[in-house]
Amino acid sequence: MKNRLYQIYAVTVCIVLMIPAVGMMFWPTNETTENTPMVEKPSFIVDGSPNTNWLADWGAWFENHYAFRQHLITANSLLYTELFNTSPVEKVLPGQDDWLFYRETLADYTGENLLSERELFNIVHNLKLMQWSAETQGASFMVTVCPNKSTIYPEKMDSGYIAGSRKNLDLFAEAMEANGIPYTDLSSVLTDNKEEMIYYQRDSHWSQTGALFGYTQLMNSLGLAPKEYTATGSAVHKGDLDEMLLPKAWHEEQEDDYSGNFTYQSSTEDNMEEFIHTSNPQGQGTLLMFRDSFGTNIIPYLADTWAQAYFSRLVPYNLVQIQSLKPNTVIVERGERRIRSFEESAPVMIMPGLSKINAVETGETLRAEMVKQGDFVRIHGQVPVKDPNDEFYLQISDTSENLTQTVPVFYTVDGNRNNGFDVYLLKNQINSNDRIEIVKTNQDTAVSYAVRIAEGEEK
């Protein structure tokens, strides 16, 4: 009898374990709620050669597509959150009173991994170049950062985490003010009105109401009159964090709904699209806004204010569009958790031409990559930073060295914390036989490094 029970138990366990795999033939999981793309089914042959990673690729594909995946994730998450107030989903951080936070923002909250002096120097330098591009083409320029939810609602964070006394958002705001970069600080107005539903309880972003307060503050900073809005109804919101944690048992959140008098000129009315064009005959002027996911809820207010508005999530930023779209205003918006993105890569823009810099040759050679992209070539590589205030320029000379171009470059830091440069040039600005140098200046000294270029695949 005892052996019989063991057999029944073993068979039952095997059947249960087989359900996700066998069920894929009938009920595969073909959608995700984790803000990541679905893994494609691997092939035995890749680019004409055997796929040596096929087994690992197949494992990743199975993990993404097995039957009842979202139901099983939900059941597992309910067990962890109800019993232990912890999350088995890496990106989700449970807080107090059923609030959820994005785990990536934890270091911002605790004040860890603060921006270095060099990183702030990079960010200021890069934004000032963007400011130059906008203003020399007749547009006003504004930068704004949407605070993390934990910055506005620290009391809802798990008490086991201690808020830092200094945060990257503080350092960023101080750097903007000290260097004359137009900046809209949203922290104060959102904190002052936090009794309203400024952020969703189970989403990482601000609500429509929070975005309305942000819109009003942004307009005031631009010296423009904000429109007044009243709620026209209510809407149900599904939180991104809630979907990751409980894809089959997410909570409905009610919020006020606001509407404007604008029309989408794009092929879709989805505010998560990479590029959106709106128009409003009753609005005035033209807006170009570079934004991330936080910009989604502020789009309706801005689209209702400007006669023509363009909203781009595309990276790199394309400031060449200023020439054709002719905006009166250029806004650059980022979430607090993405402040470092301002030093990740260069935007596409026409760089200012500078006078030749006479520098002492170091005899050292730096490596860089050049990639053709449409009408431009992108040149990027690493640079030797020894002082936080080191400045770098790209200098291009023809074979006779009678003609030299000098342009500033954007400063970058990669995932390995290596300092680098990044710049886009028009194809006609550089020839294959040109001599390329990186010039480093600091106060009254200037030294140059030869650059060995490797050509990357054209995009």
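Trainee: Is Arg 118 buried or exposed?

Mentor: Arg 118 is buried, with a relative accessible area of 8%. Buried means under 20% relative accessible area and exposed over 50%, with partly exposed in between, using a 1.4 Å probe and protein chains only.

Trainee: What kind of model is this, and how are residues numbered?

Mentor: This is a predicted model, in which local features need pLDDT of at least 70 and side-chain atom pairs count only at pLDDT 80 or more, while totals for chains, interfaces and linings use all residues. Residues are numbered from 1 along each chain as its sequence is written, and side-chain values use heavy atoms, with hydrogens and water left out.

Trainee: Where is Arg 118 found?

Mentor: Arg 118 is in helix α5. Helices (H or I, at least four residues) and strands (E, at least two) are DSSP runs, numbered from the N terminus.

Trainee: And what does Arg 118 touch?

Mentor: Leaving out residues up to four places away in sequence, Arg 118 touches Val 385, Asp 387, Pro 388, Asn 389, Asp 390, Phe 392, Tyr 411 and Asn 419. A contact means heavy atoms within 4.5 Å. Tyr 411 is 293 residues from Arg 118 along the chain, and their C-alpha atoms are separated by 9.7 Å.

Trainee: Back to α5. At what angle do α5 and α7 cross?

Mentor: The axes of α5 (residues 117–136) and α7 (residues 168–178) cross at roughly 50 degrees and come within 10 Å. Axes are lines fitted to C-alpha atoms, for helices over the stretch in contact, and angles run from 0 to 180 degrees between N-to-C directions. The two helices, α5 and α7, are therefore oblique to each other. Angles under 35 degrees count as roughly parallel, over 145 as roughly antiparallel, 65 to 115 as roughly perpendicular and the rest as oblique.

Trainee: Which residues make that contact?

Mentor: From α5 they are Leu 120, Ile 123, Val 124 and Leu 127, and from α7 Leu 171, Phe 172, Ala 175 and Met 176.

Trainee: Which residues of α7 are buried?

Mentor: Asn 168, Leu 169, Leu 171, Phe 172, Ala 173, Ala 175 and Met 176 are the buried ones in α7. Their cover includes α5, α4 (106–110) and β5 (140–146).

Trainee: What comes just after α7?

Mentor: Gly 180, which takes a positive phi of about 70 degrees.

Trainee: New topic. How many helices and strands does the protein have?

Mentor: There are 12 helices and 21 strands. Of its 459 residues, 49% count as buried.
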